[in-house]
Amino acid sequence: MSDDLHAAERILVVDDSSTIRRLLEIELRSAGFDVRTASDGREALEAARDRCPELILADVMMPEMGGLELTHHLREDPRTAGVSIILITARGMSADKLEGLAAGADDYIVKPFDNAEMLARVKGVLRRSRELRAQSPLTRLPGNIRIQEEIQQRVEEEASFCLLYADLDNFKAYNDYYGFARGDEVLQAAARIIQEVSIAVGGPETFVGHVGGDDFVVVSHVERWEQIADAIVERFDREAPALYDPLEGERGYIEIENRRGEMQQFPLVSISIGVATTEKRAYTHYAEAVSIASEMKTFTKRTAGSSWAVDRRTD
């Protein structure tokens, strides 16, 4: 994903030197960031509380309030606790760096610094922050923002890839029967199975994300989609009975009373996978690939049990 997609990210530059503030402002604006400046920690703290930026670049040694004290105040305030912080100092001693990191800073730059290095550190800290914000708190897999970025990057690079969209079947019945806590365990088990299998078959560069609920995606080499889909289906069906109490797992279904007061049987949780690839068509936007894979997932859900379906249509 190109840096242009994050051109509106806000950075607050804090330094008592007007020359350094101006130089940093010029470099960061040239890189596409929205930049504000402050001459000391107190001014920066007020500015951050008024409109919290994505990143604060602060000098350690400043009058009124230095970078370390500013970091402590930022981390203690719920309005600014999540902001990324890079401290700038003329002292390069390890103890000084550790003090800054212990205070809650994300990174440390020592003066004099190269502008290219400064930009690389800024982009690295912001990228890590985006990834953490985009992560599913339940499965720890990348969430929607990172999923969109991953697919869009491959689209923009005109790379060959396959996109697998996986969805659990009979999951609502499981939640109704066992409760949401057990349901969360199923989602965590599904995430583990999909991630382990996909990386083992597709290689370490394979991307696995959690869309939300019981929906997951896999992005990998275009020629690996069938092996990945087959392996996920086989592994999931093999482990699914263990997600149930012994009686239900052995007999292969649970019974739930429906709205008419009748007992209704629901099979074990299974997985349906829709596949979109670049084998026969090209995509101009990530949403096109997601739409095709989702369509195939809906199609294959009509089949009982775990299954997959691939789009073989041309443009």
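## An exposed glutamate in a loop

Glutamate 64 is exposed, because its relative accessibility is 58%. Exposed means over 50% relative accessible area, buried means under 20%, and partly exposed lies in between (1.4 Å probe, protein chains only). Glutamate 64 sits in the loop between strand 3 (55–59) and helix 3 (67–76). Its phi is positive, about 70°, although it is not a glycine. Helices (H or I, at least four residues) and strands (E, at least two) are DSSP runs, numbered from the N terminus.

## The model

This is a predicted model: local features need pLDDT of at least 70, side-chain atom pairs count only at pLDDT 80 or more, and totals for chains, interfaces and linings use all residues. Residues are numbered from 1 along each chain as its sequence is written, and side-chain values use heavy atoms, with hydrogens and water left out.

pLDDT is the predictor's confidence in each residue, from 0 to 100. The protein's mean pLDDT is 91, and 96% of its residues reach 70 or more. Over residues 1–7, pLDDT stays under 50.

At 72% relative accessibility, glutamate 158 counts as exposed.

Lysine 111 and proline 112 are joined by a cis peptide bond, with omega about -10°. Proline 112 is in the loop between strand 5 (107–110) and helix 5 (115–133).

## A helix pair

Helix 6 (residues 144–156) packs against helix 11 (residues 286–300) at about 110°, with axes 8 Å apart. Axes are lines fitted to C-alpha atoms, for helices over the stretch in contact, and angles run from 0 to 180 degrees between N-to-C directions. Helix 6 is therefore roughly perpendicular to helix 11. Angles of 65 to 115 degrees count as roughly perpendicular.

Helix 6 brings Gln148, Ile151, Gln152 and Val155 to the contact, and helix 11 brings Tyr286, Ala289 and Val290. Contact means heavy atoms within 4.5 Å.

## The cores

A nonpolar core is a set of buried Ala, Val, Leu, Ile, Met, Phe, Trp, Tyr and Cys residues joined through side-chain atoms within 4.5 Å. The largest one has 37 residues. Leu164, Leu168, Ile271 and Ile273 touch the most other members. Helix 8 gives the most to this core, with 8 residues.

A second, separate core has 21 residues, including Ala48 and Leu87.

Note on methods: Parallel < 35°, antiparallel > 145°, perpendicular 65-115°, else oblique.
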